[in-house]
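Hi,

Here is the structure I promised to pass on. Have a look at it first, and then read on for what turned up.

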Amino acid sequence: MATGILSGKGRIWWIAALVVLCLVPLVLPRFYVYMLSIILLFGLLATSNDFPLGFGGIYQLHHAVFYGVGAYATAIVITKSGLSPWLAFLIGPIISAALGLVMGLICIRLSKLYFGMLQISLGSLVWAVVFRWYSFTGGDDGIHGIVVPDIISSYQGAYYFTLVVTGLSLYVMYRILKSPYGSVLQGIRDNPVRSAMIGVDVKRHQLLALIIAGFFAGIAGVLFVVVDNTVFPDMLFWTLSMETTIMCLLGGWLTFLGPMLGAAVLILVRTFVSTYTVYWGLALGIISGLVIFFMPNGVLGWLQDLFKHKTNLAEAKE
Amino acid sequence: MDATGILNQAFVGLSRTVILFIVSSGMSLILGVLRIPNIAHGSLYMIGAFMAFTISRIFGGGELGFWMALIGAPLVVAIISLFAERSIFQYLYEREHLMLLLLTFAFSLIIGDLVKIIWGGDYKSVPVPQTFQGFVPLIGGLPFPIYNLFLLVCGPIIAILLWLLVNKTKIGKIARAAAVDREMVSAVGINVGWVFASVFVIGCLLAGLGGALVAPTVSVTLGMDHTLIMEAFLIVIMGGLGNIWGALLGALIFGLAQSMGILIWPQFGIIFPYAAVIIVLLFRPAGLLKATW
């Protein structure tokens with residue numbers, strides 16, 4: 001659990017970070033601003049993946065499908081209908097949330113690995129439809145050159161839009177986790193049987209978590225459309241879901257900010273490694289293998305444990 | 001869509017079933033006994049196919065090359081997996097499924113790039129041996145590759161061998177017992193470590209064998225692991241974890257849904273097998289046959 005990130009002494013650091021993030025496009029060249037936007041939106045995607053995974057104890061193994069569907073819905077509304085792009089940005093996440101509800105209703109009866117596998121199966125079905133429906137989704141080519149409103153079409157505009165939307169989304173998710181509902185969800189994660197015994201409707205709470213996760217994944221999809229102006233079927237492929245799950249694990253899947261950190265690390269390393277070699281998979285595999293083997297709670301979780309250990313030692317001395 | 005077309009497509013689906021069964025039965029064995037959802041299983045299948053290419057080339061690509069590849073490729077995969085089990089996996093049996101899933105995914109990324117480094121990114125083809133070249137006419141006169149007939153013979157043989165191994169040998173009995181209660185088995189003085197290692201190696205050997213068998217029928221290429229591993233996983237879940245016959249049944253449903261789907265609706269043929277899995281899991285959430293855990 002993230003403790004008090006928006007209060008007390010921590011607040012000054014948050015404001016400082018926000019100021020830096022706002023000033024970045026004024027000094028950095030285009031490529032880095034683009035990369036930062038990608039980091040932010042993948043951080044949002046990973047955080048929304050972690051919402052059911054790390055806080056709900058649900059094996060959300062095919063999260064990318066909600067991301068992809070949100071992006072596709074937005075892209076299709078913009079290119080095929082006369083509706084305003086701003087409206088399309090709303091429709092995307094809503095369709096993702098609806099998909100989260102439908103897939104959740106089908107999968108929720110199963111638990112753990114079975115849930116994850118059924119979700120992957122359903123997600124693969126959605127992927128197959130997107131991959132083959134040339135007349136509607138553009139098939140394996142995807143859709144390119146999506147026109148977004150002028151104000152956010154420049155790379156700086158897209159960056160600020162991403163920053164604001166990601167910040168708001170993270171704040172909302174954080175509030176949800178701090179609300180009574182969030183506490184119940186984490187109670188279910190820690191002990192589903194006991195939660196059911198004290199009268200919590202386990203399945204309904206988990207279903208709501210899936211809908212929320214789908215919604216925010218859809219927002220991440222919208223942001224990708226804004227930043228990159230394209231959609232393609234790989235956005236729904238299960239390997240991307242594995243990558244976002246690795247992001248959660250890398251940063252710390254039981255902490256709120258872990259997934260964002262994991263996304264940043266992964267994308268930075270990817271960009272860095274890709275300039276030297278094509279063997280990016282090797283690097284990702286080795287990094288995540290080492291983290292899972294030696295730090296099963298992720299970097300942030302590891303730091304928290306270390307910190308706790310130190311305070312415990314200090315208390316013991318006194 | 002006439003009767004001969006359907007029949008032909010059914011035979012195509014059956015030969016695909018054999019490959020799917022061989023790979024997913026190995027996975028089912030590992031998942032059922034060791035409880036490792038091994039995503040790297042597909043990568044071992046890919047290594048099997050690439051090794052089959054190399055070995056068959058070393059022996060001149062002919063008849064001898066094929067048979068040596070069929071024996072050699074699974075053995076190489078088995079040695080790799082023995083090394084992996086002894087050095088890494090034996091310390092991880094108690095970890096959570098999610099961790100194991102991601103760890104094996106990491107391995108699949110590493111293996112994918114290593115294969116790219118060793119064999120390069122080109123398409124490779126393994127020649128069909130002389131004995132199995134050509135076609136036989138099916139009922140209705142449609143030509144059917146002899147090699148696929150060979151596959152259809154291989155499938156049942158492997159199923160029976162596996163059944164004998166699991167049910168009639170000592171190691172199979174210990175493994176089944178260990179799948180139910182690991183601690184009890186080690187408490188009565190059995191070296192569970194080596195039993196687990198052998199089960200892991202046998203499961204991986206099957207992945208390598210699947211790769212070697214499929215090599216002459218497809219172009220061997222990078223990325224063949226990613227499509228197969230999902231299919232194998234879904235088959236295992238559909239059949240019931242750890243159940244060999246479940247894997248066979250699942251592979252049959254998956255293979256036939258795949259081949260028939262293309263016939264029914266060419267554009268969306270690939271969604272049929274996934275739809276089949278969903279329907280099965282909706283009505284039987286724990287799989288078709290009894291899971292071992």
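Two residues are in contact here if their C-beta atoms, placed from the backbone, lie within 7 Å. This is a predicted model, where local features need pLDDT of at least 70 and side-chain atom pairs count only at pLDDT 80 or more, while totals for chains, interfaces and linings use all residues. Residues are numbered from 1 along each chain as its sequence is written, and chains are lettered from A and ligands numbered from 1 in the order in which they are written.

Let's start where the chains meet. The contact involves 33 residues from chain A and 30 residues from chain B. On the side of chain A that touches chain B, α5 (112-132), α11 (238-251) and α13 (280-294) of chain A each give two or more residues. The most come from α5(A), with 13 residues. (Helices are DSSP runs of H or I, at least four residues, numbered from the N terminus.) By class, that side of chain A has 22 nonpolar, eight polar and three charged residues; Ala, Val, Leu, Ile, Met, Phe, Trp, Tyr, Cys and Pro count as nonpolar, Asp, Glu, Lys and Arg as charged, and the others, Gly among them, as polar.

α11(A) also packs within its own chain. Its axis and that of helix α12 (residues 258-276) of chain A come within 7 Å and cross at roughly 110° (axes are lines fitted to C-alpha atoms, for helices over the stretch in contact, and angles run from 0 to 180 degrees between N-to-C directions). α11(A) and α12(A) are therefore roughly perpendicular to each other (65 to 115 degrees; under 35 would be roughly parallel, over 145 roughly antiparallel and the rest oblique). Among the residues that make this contact are A:Met247 and A:Leu250 of α11(A) and A:Leu261 and A:Val265 of α12(A). The contact has nine nonpolar, three polar and no charged residues.

Over in chain B, the axes of helix α2 (residues 41-58) and helix α4 (residues 97-119) come within 9 Å and cross at roughly 15°. That makes α2(B) roughly parallel to α4(B). The residues of their contact include B:Met46 and B:Phe50 of α2(B) and B:Ile111 and B:Trp119 of α4(B).

Cheers
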